[in-house]
Structures are given as structure tokens and as C-alpha cells.
Amino acid sequence: MKRKSGNTVVIVNIILPVLIVLGAAALLFQNHMYNTKERVLDLADAEREGTLFGFDDLTVEIVTRGGDSGSWEFDGLADENGNVLIGHGVGTIYEMVVTNNSSDTVTDWTAMLRVPEKMFVNNTWNGSFEFHQNVLGDEKVQTLNLAEYSRFDITLESYMAHVGPMVALYEGDYFIYYPNTDMNEMPIPPKQANSNREGGVRIGFIMYIQSENIDHVADFSVGEIHYHLHTGIFKNPFFGVLVVVAIAWLIFLGSTIAVHMNTKRFIEQRRRDEKAIEQTMQTFVNFIEAKDPSTSGHSLRVAEYSRMIAEKLGYSEEECTHVYYIALMHDCGKIYIPDEILTKPGKLTDEEYEIMKKHTVYGAEILRDFTSIEGMGSGALSHHERYDGKGYPNGISGEEIPIIGRIICVSDAFDAMNSRRCYRSSLTEDVIISELKNNKGKQFDPVIVDCLLAMINNGKIEFTDTKNK
């Protein structure tokens, strides 16, 4: 479970941020490509309804203004020298309305219209017109705003009449309109739903056409609109997903940091508590062993051997620590045993031995209220039980003996044989190993003895006294 939890933290706190960054980069790149893509609408491809050209993004309508002020007939127009330029004809105000139907902003747009017949441009307003004159011959190009002109500025074929300049355009010629940003023609915002305000941009120009009456309307149906669409990344549905994921990650990261800090504090506190417990136990053990100097260090060594056996058996780190503490206190009941029995150099009498055996029961009594570690008193009570049932104090056997008692039994016996006592020297390595093997299934749990022998063979447990080897 710890490994799976660790993998989850790695995935969420390392891989996920990388995916978020890559997703954000992809989103920005996609947005950049979308905003910088030049789009071209050909009026010939539009869904047309009369003078209305419809596209998904835009609609373009080219109409006459209408009414008495929108079109008028004239009998002729002469230049400043009295020369007749145009005989009878019609003058018309044309308007091109470009409306943004999309949810994005239209930017960098221009409109091109091709002239369907010979005519004269008299006036334009708002933006600039780039006229392409005599396209089929010696083409001339000039950008003009005929609302603000000087006759000397016009290099195209043109004439000056009393109504102003008259720039000649022939069939096939065309002009390109560049919108005026000062007149709010660029950019074109999306048309607001449920709004009475007219959307889009209205372009105006006046054309004079010879030999036509007031009902005549030129067919400006050939042209193109060039434009860009600009949108923000927040409009992209993936942006919302990315934000949600990023927020979730930040929350998870904050939670992980908080848990890590709390866990770190908890571990540090637990280590301090364990250190305090160990020191308290060791102090108590030192007090016990002070009664019998020949056993100095015995409890500490038994605790360490027991911890190593538990580790060999596959116990968790916390369980091994608990085994260590339980084993450290296994002989605490000896505090009630008289010193003359504990330190007697010779063999104990039967009566003395019976008194000595009571240290297991005394130890369990001392530890009965120590409930923070499960089985604390069990090690003291059962570490002299034998696997064959001939031990004490209860004479239980095999699996009936608590596992902690079986572990301490092997560790205790090994250290007793491997240490000097007041009544004998430590045993030789061969004798100790022989005793361990010969008592498998008798005094000792076979599995636990095999664990100890394996650790002896690989050098994890060494013999402390080498003089008798």
C-alpha cells in the first residue's frame, strides 16, 4: 500500500504538472495559430440572398442607400474646362455593411470589390481605398481617401468636376478597402445578442455611371474579404478543463505538503517518544542488571537479536520495533528475585529454581498496564515456554506459545550460551550451533531457529567470545 501511495504522489505531483504545462503550451500554440490564421471569404462562395452574402463568420451586404438622397439622375457632368465627361447618367451612394457573426473579434480585415462596369468614383469616406485602375492595360495603383483630397495628389486617371474628383474605373478594375481604426472600424466585435445596436461596419462610396437611370444598381458581386479571428484562450473548452485540473493539482499539492509536514512532525515526535520509551526501559533494565553484573547487556542483546529475527520473518518496521521493546523488558520480573539467587555461582537448588522461574510471572504483572504496545507482558511471561511443552510457567507448547515468546526464547538461549555468566564461561561456537540444532522442535520453534542460524551463517550475528572457539 505504501508503494501504491508513493506512486500516486509521483504521478500527481510530478507527471501531472508536466502534463498541465504541456497542455497549456499546446493551448497557447493552438490559440496563436487560430489568431494568426489569415481567412479569406470569396463572395462567389457565399450563400446569397439578394444583395446579402452570408458566411459562417461574416455577412456582407452591398446596397444602395435608397431614397431621394441615395440615387439621382444627371444630364451631364463636365470637367473644370467645360469638357463633358459624362452625358446623362445616374449617381448612387453605395454602402457595404460587414457584420461579425462569430463569437470572436474580427481583426486585420480588408475588403476587395471588383468593378462590374465602367464608372467614376466621386467620393469615399472613413477608411482608405486602394484603387487598381486599368488592370487589363497599363495598371495604376493608388491609395486615396477622396473625402480628404488635393487634386494634385491624384495620380490615377481622373477629372475634376463641380462635384469633386472623378476617378475613372473600368470593368475588371477593383479597389481594396482598409478600415479606419479611429472610426472604430477595426476591430469588429461580435454582434451582441438581444441588442438593438447595429453590429458591423458600414463603408460608403459614390459612383457615377453613364447612360443609366435612377433604378440602375451596379452588381458588386465579385470580391473577397481578408480577415483574422481573435479569441482568448479562456474561450477554449479545454482551458476550463486545464484550470480545473490545475486547481485540483494545487489542492492536492497543498494537501500533500500539509500531510508531509504533519507526517514529518509525527515521525519526529514518534522518534522522540520511542527514544524516551527506550531510554526509560533501558534505565529500568540497567537497574535490574545492576543486581547481577554478570548479565550486563543481556537484555539489550536479546532485544536486538529478536528484532533481527522478526525482520527475517518479514515483520514491518513498526512491528520489529515493538518486538525490540518487548524483548528488552523480558527479564524485568527479576527485580523481585533475591540477589543471592541471581548471583549464585553454582547450580540452583530446586527451591531456588522455583523462585527463579517466577520472574516470568512477576514480569507479566509489572507490564500488565503497559497497553501502548500490544503483547508487552506476553514476552516476559512466555519466553521460557518450550516448543515441546516442557517449559514454564504454563507448560504450553507449539503454536500455543505466543510468537513473541518463541522469538525471545531462541534469542535468550543464544545470548545465554554466547555470554559469560557467574557460574561458567561462554560456550564455543560449535557447541552453541549444536545446541540450537539439537533443540529444534524441542526447546525451540524450528522456523525461528533456522532464521537465527541463517543470520549466523551470513555474518549478521557474531559470537561475542572467541577465546573458547
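Reply: Start with one definition. A residue is buried under 20% relative accessible area, exposed over 50%, and partly exposed in between, using a 1.4 Å probe and protein chains only. Now some ground rules. This is a predicted model, where local features need pLDDT of at least 70, side-chain atom pairs count only at pLDDT 80 or more, and totals for chains, interfaces and linings use all residues. Residues are numbered from 1 along each chain as its sequence is written, and side-chain values use heavy atoms, leaving out hydrogens and water.

Me: Is Arg48 buried, partly exposed or exposed?

Reply: Arg48 has a relative accessible area of 43%, so Arg48 is partly exposed.

Me: Which residue forms a salt bridge with Arg48?

Reply: The general idea comes before the case. Side chains of opposite charge can pair when their charged atoms come close. A salt bridge here is a side-chain nitrogen of Lys or Arg within 4 Å of a carboxyl oxygen of Asp or Glu. Asp219 pairs with Arg48, and their closest N and O atoms are 3.4 Å apart. Arg48 is in strand E2 (residues 47-49), while Asp219 is in the loop between E16 and strand E17 (223-230), 171 residues away. Helices (H or I, at least four residues) and strands (E, at least two) are DSSP runs, numbered from the N terminus. Asp219 is partly exposed too, at 41%.

Me: How many salt bridges are found in the whole structure?

Reply: The search finds 14. Take Arg202 and Glu95, with closest N and O atoms 2.7 Å apart. Arg202 lies in strand E16 and Glu95 in strand E8 (residues 89-100), so the bridge ties together parts 107 residues apart in sequence. Glu95 is buried, at 10%. Arg202 is partly exposed, at 32%. Arg65, Glu95 and Arg202 are linked in a network of salt bridges.

Me: What parts of the chain does the pair Lys440 and Asp450 tie together?

Reply: Their closest N and O atoms are 2.9 Å apart. Lys440 lies in the loop between H10 and H11, and Asp450 in helix H11, so the pair ties together parts 10 residues apart in sequence. Lys440 is partly exposed at 32%, and Asp450 is partly exposed at 37%.

Me: Which residues of H11 are buried?

Reply: They are Ile448, Val449, Cys451, Leu452, Leu453, Met455 and Ile456. The buried residues of H11 pack against helix H3 (298-312), helix H9 (403-417) and helix H10 (429-438).

Me: Which residues touch the most other members of the largest nonpolar core?

Reply: In soluble globular proteins, nonpolar side chains tend to be buried together. A nonpolar core is a set of buried Ala, Val, Leu, Ile, Met, Phe, Trp, Tyr and Cys residues joined through side-chain atoms within 4.5 Å. The largest one has 41 residues, and Trp109, Phe131, Phe175, Met207 and Phe220 touch the most other members. Strand E16 (residues 201-210) gives the largest share, 5 residues. A second, separate core of 22 residues includes Ile407, Ala413, Ile432 and Val449.

Me: What does Trp109 touch?

Reply: Contact means heavy atoms within 4.5 Å. Not counting residues up to four places away in sequence, the contacts of Trp109 include Val98, Tyr177, Met186 and Ile203.

Me: Where are the cis peptide bonds and positive phi values?

Reply: Most residues other than glycine have a negative phi, and most peptide bonds are trans. The bond from Met186 to Pro187 is cis, with omega near -5°. Pro187 is in the loop between strand E15 (174-178) and E16. Tyr392 and Pro393 are also joined by a cis bond, with omega about 15°. Asn184 has a positive phi of about 60° and is in the loop between E15 and E16. Asn134 has a positive phi of about 55° and is in the loop between strand E11 (128-133) and strand E12 (140-144).
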